[in-house]
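I set down what I looked up, entry by entry.

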Amino acid sequence: LSNKGAIDAPFELVPSNTDQGSCFTFLPQQGTIAPNRLQPIQISFSSMTMGNFEEAFQFNVTGSPEPVILTVRGCVSGLSMHFNRECLKFDDVSFGFPQTLSCRLTNTSVVPITFHLRIPEDGPGLPSITSFAQVKDNSHPSWVKGPSCQCPVKPAEFTITPCSGTIPAKGFQDIEVTLCSNDVRLYKYHMVVDVDDVGEDVLAIPITARCLVPDLRLLSTTLNFGKCALKVPYHDKLTIVNATPFPGCYGVLPQKSNSTTNVWYSSPEPCGIIQPHSTVEIPITIEARSLGHH
(Lines give C-alpha, C1' and ligand atoms only; values in the text may rest on other atoms or scores of the structure.)
Protein backbone atom coordinates (compact mmCIF):
# COMPACT_ATOMS: atom_id res chain seq x y z
CA LEU A 1 0.00 0.00 0.00
CA SER A 2 1.26 3.48 -0.87
CA ASN A 3 0.31 6.72 0.96
CA LYS A 4 0.69 9.59 -1.50
CA GLY A 5 -1.13 12.05 0.74
CA ALA A 6 0.17 14.65 3.21
CA ILE A 7 -1.16 13.02 6.41
CA ASP A 8 -0.96 9.61 8.09
CA ALA A 9 -3.22 6.94 6.59
CA PRO A 10 -4.58 4.34 9.04
CA PHE A 11 -5.76 1.26 7.09
CA GLU A 12 -7.52 -2.01 7.87
CA LEU A 13 -8.36 -5.10 5.76
CA VAL A 14 -12.07 -5.84 5.37
CA PRO A 15 -12.53 -9.57 6.12
CA SER A 16 -13.73 -11.61 3.14
CA ASN A 17 -16.85 -13.73 3.59
CA THR A 18 -16.35 -15.93 0.51
CA ASP A 19 -14.97 -19.49 0.45
CA GLN A 20 -12.09 -18.50 -1.84
CA GLY A 21 -11.37 -15.39 0.21
CA SER A 22 -10.81 -17.50 3.32
CA CYS A 23 -7.87 -19.15 1.53
CA PHE A 24 -5.90 -15.88 1.70
CA THR A 25 -3.92 -14.46 4.61
CA PHE A 26 -2.61 -10.85 4.72
CA LEU A 27 0.17 -9.67 7.01
CA PRO A 28 -0.21 -7.04 8.35
CA GLN A 29 -3.98 -6.63 8.17
CA GLN A 30 -3.96 -3.15 9.66
CA GLY A 31 -1.59 -0.31 10.45
CA THR A 32 -0.72 3.29 9.68
CA ILE A 33 1.28 4.53 6.69
CA ALA A 34 3.17 7.77 7.02
CA PRO A 35 2.95 10.39 4.22
CA ASN A 36 4.81 9.42 1.07
CA ARG A 37 5.72 6.02 2.51
CA LEU A 38 5.00 2.40 1.50
CA GLN A 39 3.65 -0.53 3.50
CA PRO A 40 4.66 -4.00 2.19
CA ILE A 41 1.98 -6.62 2.75
CA GLN A 42 2.65 -10.36 2.56
CA ILE A 43 -0.11 -12.42 0.95
CA SER A 44 -0.34 -16.19 1.52
CA PHE A 45 -2.69 -18.42 -0.44
CA SER A 46 -3.60 -22.09 -0.02
CA SER A 47 -6.52 -23.76 -1.77
CA MET A 48 -7.74 -27.35 -2.21
CA THR A 49 -10.15 -26.33 -4.99
CA MET A 50 -8.87 -26.49 -8.55
CA GLY A 51 -9.76 -24.02 -11.28
CA ASN A 52 -9.64 -20.30 -12.04
CA PHE A 53 -10.35 -17.78 -9.31
CA GLU A 54 -10.79 -14.03 -8.94
CA GLU A 55 -11.15 -12.33 -5.56
CA ALA A 56 -11.44 -8.62 -4.65
CA PHE A 57 -10.10 -7.50 -1.26
CA GLN A 58 -10.90 -4.11 0.30
CA PHE A 59 -8.80 -1.98 2.62
CA ASN A 60 -10.63 0.74 4.52
CA VAL A 61 -8.60 3.91 5.01
CA THR A 62 -9.62 6.33 7.75
CA GLY A 63 -11.04 9.51 6.25
CA SER A 64 -11.32 8.10 2.72
CA PRO A 65 -14.82 7.74 1.27
CA GLU A 66 -13.80 4.82 -0.94
CA PRO A 67 -11.90 1.66 0.05
CA VAL A 68 -8.72 0.60 -1.67
CA ILE A 69 -9.46 -2.51 -3.72
CA LEU A 70 -6.95 -5.25 -4.58
CA THR A 71 -8.04 -7.84 -7.16
CA VAL A 72 -6.29 -11.17 -7.15
CA ARG A 73 -6.59 -13.59 -10.07
CA GLY A 74 -5.07 -16.96 -10.75
CA CYS A 75 -5.60 -20.63 -11.46
CA VAL A 76 -5.22 -23.55 -9.06
CA SER A 77 -3.99 -26.62 -10.91
CA GLY A 78 -3.82 -30.15 -9.53
CA LEU A 79 -0.68 -32.20 -9.12
CA SER A 80 0.54 -33.58 -12.40
CA MET A 81 3.01 -36.45 -12.48
CA HIS A 82 3.57 -39.63 -14.44
CA PHE A 83 5.80 -42.68 -14.85
CA ASN A 84 7.85 -43.05 -18.01
CA ARG A 85 6.57 -46.58 -18.64
CA GLU A 86 3.15 -48.20 -18.54
CA CYS A 87 4.14 -51.31 -16.58
CA LEU A 88 7.07 -52.94 -14.78
CA LYS A 89 7.27 -56.34 -16.50
CA PHE A 90 9.74 -58.69 -14.83
CA ASP A 91 8.57 -61.56 -17.06
CA ASP A 92 10.02 -64.89 -15.82
CA VAL A 93 12.27 -64.76 -12.76
CA SER A 94 14.12 -67.59 -11.07
CA PHE A 95 13.29 -68.44 -7.47
CA GLY A 96 15.54 -66.52 -5.07
CA PHE A 97 17.43 -64.56 -7.73
CA PRO A 98 16.86 -60.78 -7.45
CA GLN A 99 15.88 -58.93 -10.60
CA THR A 100 15.77 -55.13 -10.89
CA LEU A 101 13.79 -52.83 -13.16
CA SER A 102 13.97 -49.05 -13.27
CA CYS A 103 11.45 -46.34 -14.00
CA ARG A 104 11.23 -42.56 -13.74
CA LEU A 105 8.64 -40.55 -11.84
CA THR A 106 8.29 -37.08 -13.36
CA ASN A 107 6.67 -34.11 -11.65
CA THR A 108 5.13 -31.83 -14.27
CA SER A 109 3.52 -29.63 -11.62
CA VAL A 110 4.66 -26.10 -10.84
CA VAL A 111 5.24 -27.02 -7.20
CA PRO A 112 7.49 -29.67 -5.58
CA ILE A 113 5.91 -32.91 -4.35
CA THR A 114 6.95 -35.18 -1.50
CA PHE A 115 6.16 -38.78 -2.44
CA HIS A 116 6.12 -42.22 -0.81
CA LEU A 117 6.12 -45.44 -2.83
CA ARG A 118 4.72 -48.78 -1.67
CA ILE A 119 3.42 -52.09 -3.02
CA PRO A 120 0.26 -52.93 -1.03
CA GLU A 121 0.20 -56.59 -2.13
CA ASP A 122 3.74 -57.27 -0.91
CA GLY A 123 4.27 -59.22 2.29
CA PRO A 124 4.74 -57.47 5.65
CA GLY A 125 7.42 -59.89 6.89
CA LEU A 126 11.20 -59.99 6.72
CA PRO A 127 12.97 -59.56 3.36
CA SER A 128 12.86 -62.66 1.18
CA ILE A 129 15.89 -64.97 1.08
CA THR A 130 18.21 -64.74 -1.91
CA SER A 131 19.84 -67.82 -3.39
CA PHE A 132 23.22 -66.30 -2.56
CA ALA A 133 22.29 -66.38 1.13
CA GLN A 134 20.65 -69.80 0.82
CA VAL A 135 23.84 -71.52 -0.39
CA LYS A 136 25.79 -70.49 2.71
CA ASP A 137 24.26 -73.22 4.87
CA ASN A 138 22.91 -76.56 3.61
CA SER A 139 21.60 -77.46 7.08
CA HIS A 140 19.12 -74.59 7.25
CA PRO A 141 15.49 -75.83 7.55
CA SER A 142 14.51 -73.77 4.53
CA TRP A 143 16.21 -76.32 2.25
CA VAL A 144 13.52 -78.84 3.22
CA LYS A 145 10.55 -76.69 4.18
CA GLY A 146 11.11 -73.70 1.90
CA PRO A 147 12.41 -70.17 2.72
CA SER A 148 9.08 -69.14 4.23
CA CYS A 149 9.54 -71.56 7.14
CA GLN A 150 11.63 -69.11 9.11
CA CYS A 151 9.08 -66.31 8.78
CA PRO A 152 5.53 -66.75 10.15
CA VAL A 153 4.19 -64.07 7.80
CA LYS A 154 4.59 -63.52 4.09
CA PRO A 155 8.06 -62.10 3.33
CA ALA A 156 8.66 -58.74 1.70
CA GLU A 157 9.79 -59.68 -1.80
CA PHE A 158 10.08 -56.18 -3.30
CA THR A 159 12.59 -53.43 -2.58
CA ILE A 160 12.02 -49.87 -3.84
CA THR A 161 14.96 -47.45 -4.07
CA PRO A 162 14.31 -44.71 -3.14
CA CYS A 163 10.93 -45.37 -1.53
CA SER A 164 10.33 -41.69 -0.69
CA GLY A 165 11.65 -38.24 -1.47
CA THR A 166 10.84 -34.80 -2.83
CA ILE A 167 10.73 -34.03 -6.55
CA PRO A 168 11.14 -30.35 -7.45
CA ALA A 169 8.76 -28.63 -9.81
CA LYS A 170 9.29 -29.84 -13.37
CA GLY A 171 11.78 -32.39 -12.00
CA PHE A 172 12.03 -36.18 -11.90
CA GLN A 173 13.23 -39.08 -9.77
CA ASP A 174 14.72 -42.34 -11.09
CA ILE A 175 13.46 -45.36 -9.17
CA GLU A 176 14.67 -48.97 -8.99
CA VAL A 177 12.33 -51.83 -8.08
CA THR A 178 13.91 -55.19 -7.16
CA LEU A 179 12.00 -58.47 -6.93
CA CYS A 180 13.46 -61.45 -5.07
CA SER A 181 10.71 -64.04 -5.29
CA ASN A 182 10.31 -66.77 -2.69
CA ASP A 183 7.04 -68.05 -4.07
CA VAL A 184 6.41 -69.98 -7.28
CA ARG A 185 3.49 -67.99 -8.63
CA LEU A 186 2.22 -65.24 -10.92
CA TYR A 187 2.48 -61.64 -9.73
CA LYS A 188 -0.04 -58.93 -10.63
CA TYR A 189 0.80 -56.14 -8.21
CA HIS A 190 0.82 -52.33 -8.24
CA MET A 191 3.33 -49.78 -7.00
CA VAL A 192 1.32 -46.83 -5.71
CA VAL A 193 2.34 -43.25 -5.02
CA ASP A 194 1.26 -41.39 -1.88
CA VAL A 195 1.81 -37.62 -1.83
CA ASP A 196 2.10 -35.55 1.34
CA ASP A 197 -0.77 -33.11 1.91
CA VAL A 198 -2.64 -34.60 -1.05
CA GLY A 199 -3.55 -38.21 -0.35
CA GLU A 200 -2.84 -41.90 -0.92
CA ASP A 201 -2.93 -43.83 -4.20
CA VAL A 202 -2.50 -40.66 -6.23
CA LEU A 203 -0.80 -42.66 -8.99
CA ALA A 204 -0.02 -46.33 -9.62
CA ILE A 205 2.02 -48.48 -12.01
CA PRO A 206 1.30 -52.21 -12.56
CA ILE A 207 3.93 -54.86 -11.77
CA THR A 208 3.83 -58.31 -13.38
CA ALA A 209 6.11 -61.32 -13.00
CA ARG A 210 6.19 -65.12 -12.95
CA CYS A 211 8.45 -67.00 -10.58
CA LEU A 212 9.69 -70.47 -11.48
CA VAL A 213 12.30 -73.00 -10.41
CA PRO A 214 14.62 -74.29 -13.16
CA ASP A 215 14.43 -78.02 -13.80
CA LEU A 216 17.84 -79.31 -12.72
CA ARG A 217 18.82 -82.92 -13.33
CA LEU A 218 21.66 -85.28 -12.50
CA LEU A 219 23.84 -86.51 -15.35
CA SER A 220 23.93 -89.86 -13.55
CA THR A 221 21.65 -90.92 -10.70
CA THR A 222 24.08 -93.53 -9.36
CA LEU A 223 27.59 -93.36 -7.93
CA ASN A 224 29.35 -96.74 -7.92
CA PHE A 225 32.32 -96.75 -5.57
CA GLY A 226 33.03 -100.45 -6.06
CA LYS A 227 34.96 -102.22 -3.33
CA CYS A 228 35.70 -100.00 -0.33
CA ALA A 229 37.62 -100.56 2.87
CA LEU A 230 35.75 -100.06 6.13
CA LYS A 231 35.78 -96.47 7.44
CA VAL A 232 38.12 -95.25 4.69
CA PRO A 233 36.99 -92.12 2.81
CA TYR A 234 36.42 -92.41 -0.93
CA HIS A 235 35.76 -89.54 -3.31
CA ASP A 236 33.71 -89.05 -6.46
CA LYS A 237 31.67 -86.31 -8.14
CA LEU A 238 28.05 -85.73 -9.00
CA THR A 239 27.26 -83.71 -12.12
CA ILE A 240 24.23 -81.40 -12.14
CA VAL A 241 22.89 -80.18 -15.50
CA ASN A 242 20.91 -76.99 -16.00
CA ALA A 243 19.50 -76.96 -19.52
CA THR A 244 17.16 -74.03 -18.81
CA PRO A 245 17.73 -70.31 -19.46
CA PHE A 246 17.43 -69.56 -15.72
CA PRO A 247 20.00 -69.77 -12.92
CA GLY A 248 19.42 -72.35 -10.21
CA CYS A 249 20.36 -72.92 -6.59
CA TYR A 250 21.30 -76.41 -5.36
CA GLY A 251 22.30 -78.01 -2.08
CA VAL A 252 23.28 -81.51 -0.98
CA LEU A 253 21.18 -82.10 2.12
CA PRO A 254 23.15 -83.26 5.17
CA GLN A 255 22.70 -86.91 6.12
CA LYS A 256 20.85 -87.75 9.31
CA SER A 257 23.27 -89.69 11.45
CA ASN A 258 22.12 -92.79 13.34
CA SER A 259 23.55 -96.11 14.51
CA THR A 260 22.11 -98.03 11.57
CA THR A 261 23.66 -95.88 8.85
CA ASN A 262 25.70 -98.19 6.63
CA VAL A 263 27.30 -95.52 4.47
CA TRP A 264 28.11 -92.00 5.54
CA TYR A 265 28.22 -89.34 2.83
CA SER A 266 29.22 -85.67 2.84
CA SER A 267 30.46 -82.94 0.55
CA PRO A 268 33.07 -80.24 1.12
CA GLU A 269 31.12 -77.99 -1.28
CA PRO A 270 27.47 -78.97 -0.80
CA CYS A 271 25.78 -75.79 -2.08
CA GLY A 272 26.15 -73.51 -5.02
CA ILE A 273 24.70 -71.60 -7.94
CA ILE A 274 24.40 -73.15 -11.36
CA GLN A 275 24.19 -70.78 -14.29
CA PRO A 276 21.84 -71.23 -17.26
CA HIS A 277 22.82 -73.85 -19.85
CA SER A 278 25.71 -75.15 -17.78
CA THR A 279 26.88 -78.04 -15.59
CA VAL A 280 28.39 -78.19 -12.12
CA GLU A 281 30.36 -80.97 -10.44
CA ILE A 282 29.72 -81.62 -6.73
CA PRO A 283 32.43 -83.49 -4.81
CA ILE A 284 31.05 -86.38 -2.75
CA THR A 285 32.87 -88.29 0.00
CA ILE A 286 31.65 -91.60 1.44
CA GLU A 287 32.71 -93.90 4.26
CA ALA A 288 31.39 -97.43 4.71
CA ARG A 289 30.35 -98.04 8.30
CA SER A 290 29.58 -101.77 7.98
CA LEU A 291 30.57 -104.73 5.84
CA GLY A 292 28.54 -105.92 2.90
CA HIS A 293 26.76 -104.53 -0.12
CA HIS A 294 25.12 -101.14 0.35
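Predicted model: local features only at pLDDT ≥ 70, side-chain atom pairs only at ≥ 80, totals over all residues.

Entry on Pro 162. I looked up where Pro 162 sits and found it in the loop between strand S13 (158–161) and strand S14 (164–167). The peptide bond that joins Thr 161 and Pro 162 is cis, with omega about -10°.

Entry on Pro 28. I then checked the peptide bond from Leu 27 to Pro 28, which is cis, with omega near -5°. Pro 28 has its place in the loop between strand S3 (24–27) and strand S4 (30–33).

Entry on backbone angles. I looked up phi for Asp 201 and read a value near 55°, which is positive in a residue other than glycine. Asp 201 belongs to strand S17, residues 199–212. For His 277, I found phi near 50°, again a positive value in a residue other than glycine. His 277 lies in the loop between strand S22 (271–274) and strand S23 (278–288).

Entry on accessibility. Is His 277 buried or exposed? I read a relative accessible area of 58% for His 277, so this residue counts as exposed, the cut-off being over 50%.

Entry on domains. I consulted the domain assignment, which gives domain 1 as 2–76, domain 2 as 81–212 and domain 3 as 216–288. Taken over C-alpha atoms, the centres of domain 1 and domain 2 are separated by 50 Å.

Terms used. Residues numbered from 1 in each chain as written. Heavy atoms only, no water. Domains from an automatic or database assignment. Helix = DSSP H or I, 4+ residues; strand = E, 2+ residues; numbered from the N terminus. Buried < 20%, exposed > 50% of the residue type's maximum accessible area, 1.4 Å probe, protein only.
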